[in-house]
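Have the viewer open as you read.

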Amino acid sequence: MKVLLLGYGNVGKAFVELLRENQLNVKVVGAFKRGGLVAPLGGEEKAVEIEKGLEQLSPDVLVDVSSPNYVNGEPSVSAYLEAFKRGIHVITANKAPLALKFGEILDEARKRKASLGFQATVMSGVPSVNLRRVLPALKVYELRGILNGTTNYILSKMHDGLSFDQALKEAQEQGFAEPDPTLDVNGFDSAAKLTILANVYFGCRKSIKDVRFSGIEHIDFSEVGRWRNEGLKPKLVAKASRSELRVSVEALTRNDPLYHVDGVTNGLLIRTDIQDIFISGPGAGPKRAAYGILSDLLIISSGQSIEF
């Protein structure tokens, strides 16, 4: 199986390393970087358009590990559509295209009978997305999750007594927060992930514009202390039903499964007509995201199609 990468940063390199470690019969034929196409890896960058690269290399799978563009999803959206036209499967760790144009992308994949894998976009290697594939008979009526490790780390530290600024500084020093954490702390990242999960579990065609979201940047330190004294804990909760998508800070009680999700850990509670299902685990990190990609690749390489 031949794989072409779109982007080659930390996640892309971790993915290539995972392929080596597992000795899989997969060949990475090249990677599109900012300066053009590198084929083979380690070679010279050449100014080649994505369409031309797909034509020249004829990969079986296009793997998107590029940085998200939340303005219009490009160049990823166009790359996906071009790949599907050629019968090439797509696996992505990039949330932006699906948060913006989920319906358009999925419809084109179905039309061309190509697979679209995106487990790595939400909770990395924790099977938040692919879990849906093995729950075909359950009727899901609500999703509640902690989907952003940066904000969860900050809120956990504030619950322990640190101020917002102190907790953010510590998160940055530990590598849990970006130098510019805006898209994390304002709730945007959680909203993007919630959009993807809602489309998967409810079969809808929502975009991030349909999510009402707020973040943690204006949370009051004294209020956190009051909640702590009352046995409550603040969490940035992403919540979806068939009628509403929302991200906001909630003060949770001890009997809520999300109460116990601390630090950079993510958690997802799926409420169904039969039973509640709760999963949790690390939601970030290059190797974990790479594993999410690998899990989709193994499904495709086994001859199965990824369908939602």
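Two strands count as paired if DSSP finds at least two bridges between them. This is a predicted model, and in it strand S9 (residues 212–213) pairs with strand S11 (residues 245–252) in the parallel sense, over two bridges. Arginine 212 has arginine 246 in S11 as its bridge partner.

S11 also has strand S10 (residues 233–240) as an antiparallel partner, with eight bridges joining them. A hairpin of four residues takes the chain from S10 to S11.

## The seven-stranded sheet

There's also an open sheet of seven strands, with mixed pairing and the order S4-S3-S2-S1-S5-S6-S7. Its edges are strand S4 (45–46) and strand S7 (116–117), each of which pairs on one side only.

Inside that order, strand S2 (residues 27–33) and strand S3 (residues 36–38) run antiparallel and share three bridges. Alanine 31 sits opposite valine 38 in S3.

## Helices on the sheet

Which strands does helix H1 (residues 10–21) lie across? They are strand S1 (2–6), S2 and strand S5 (61–64), and H1 runs at about 160° to S1.

Helix H2 (residues 50–57) packs on the sheet too, touching S1, S2, S3 and S5. The direction of H2 makes about 165° with that of S1.

Now for the backbone. Most residues other than glycine have a negative phi, and most peptide bonds are trans. Keep that in mind for what follows.

The bond from alanine 39 to proline 40 is cis, with omega near 0°, and proline 40 belongs to the loop between S3 and S4. Another cis bond links glutamate 74 and proline 75, this time with omega at about 5°. Proline 75 is in the loop between S5 and helix H3 (76–85).

## Positive phi without glycine

Serine 58 isn't a glycine, yet its phi is positive, at about 45°. You'll find serine 58 in the loop between H2 and S5. Lysine 113 is another non-glycine with a positive phi, about 55°, and is placed in the loop between helix H4 (95–111) and S7.

Is lysine 113 buried or exposed? Its relative accessibility is 74%, so lysine 113 counts as exposed, the cut-off being over 50%. Serine 58 comes in at 41%, so that residue counts as partly exposed.

Methods. Residues are numbered from 1 along each chain as its sequence is written. This is a predicted model: local features need pLDDT of at least 70, side-chain atom pairs count only at pLDDT 80 or more; totals for chains, interfaces and linings use all residues. Side-chain values use heavy atoms; hydrogens and water are left out. Contact means heavy atoms within 4.5 Å. Axes are lines fitted to C-alpha atoms, for helices over the stretch in contact, and angles run from 0 to 180 degrees between N-to-C directions. Buried means under 20% relative accessible area, exposed over 50%, partly exposed in between (1.4 Å probe, protein chains only).
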